[in-house]
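Biologist: Please take a close look at the disulfide bonding here and at what surrounds it. How many disulfides does a search of the whole structure find?

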Amino acid sequence: KSSGLPGLTKRPAIDKSTALPAYPAAAVRGNDQGTTSVDSCLTVDGRLVDVHITKSSGSKVLDDATLAWAKTAKYTPAEFNGEPFAICGYRFDYEWRVNTEER
């Protein structure tokens, strides 16, 4: 099904080579979890710019960690008729869940 933009041949995505963010120790101790929503612009070379939180996870530690990670992660840019192009309004959610089995 179409993504709403005719000619959009590839949606932007987090590059497979990017490691997931480390769970901040303070958040693990506080048993903080939740979903942080991020909005940004994605450049043609796969970097995020103008990154900001649109919905907090409820934990400043987790939100800050999501922002820091999002700014350094690598992305695959969107493609329009097969050519990479910059896009604004790129949103994604990152869900933080404490893995209780590791304790």
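Modeller: A disulfide is counted when two cysteine sulfur atoms lie within 2.5 Å. By that rule, searching the whole structure gives 1 disulfide. This is a predicted model, in which local features need pLDDT of at least 70 and side-chain atom pairs count only at pLDDT 80 or more, while totals for chains, interfaces and linings use all residues. Residues are numbered from 1 along each chain as its sequence is written, and side-chain values use heavy atoms, with hydrogens and water left out.

The disulfide joins Cys41 and Cys88, with an S to S distance of 2.0 Å. Its S-S torsion is about 110°, so it is right-handed. Cys41 belongs to strand β3 (residues 34–42) and Cys88 to strand β8 (residues 87–96), so the bond ties together parts 47 residues apart in sequence. Strands (E, at least two residues) and helices (H or I, at least four) are DSSP runs numbered from the N terminus. Cys41 is buried at 13% relative accessible area, whereas Cys88 is exposed at 55%. Here buried means under 20%, exposed over 50%, and partly exposed in between (1.4 Å probe, protein chains only).

Leaving aside neighbours within four places in sequence, Tyr90 is in contact (heavy atoms within 4.5 Å) with residues including Val38, Asp39, Ser40, Leu42, Leu48 and Tyr75. Pro12, Ala13 and Ile14 are also among its contacts.

The loop between α1 (25–29) and β3 holds Asn31. Asn31 has a positive phi of about 55° although it is not a glycine, and it is partly exposed at 42% relative accessible area. Most residues other than glycine have a negative phi. Asn81, in the loop between β6 (78–80) and β7 (83–85), likewise has a positive phi, near 50°. Asn81 is exposed, at 55% relative accessibility.

β6 and β7 belong to an open sheet of 3 strands, ordered β1-β6-β7 with antiparallel pairing. β1 (8–10) and β7 stand at its edges with a single partner strand each, so one side of each has no neighbour in the sheet. Strands pair if DSSP finds at least two bridges between them; β1 and β6 have 2.
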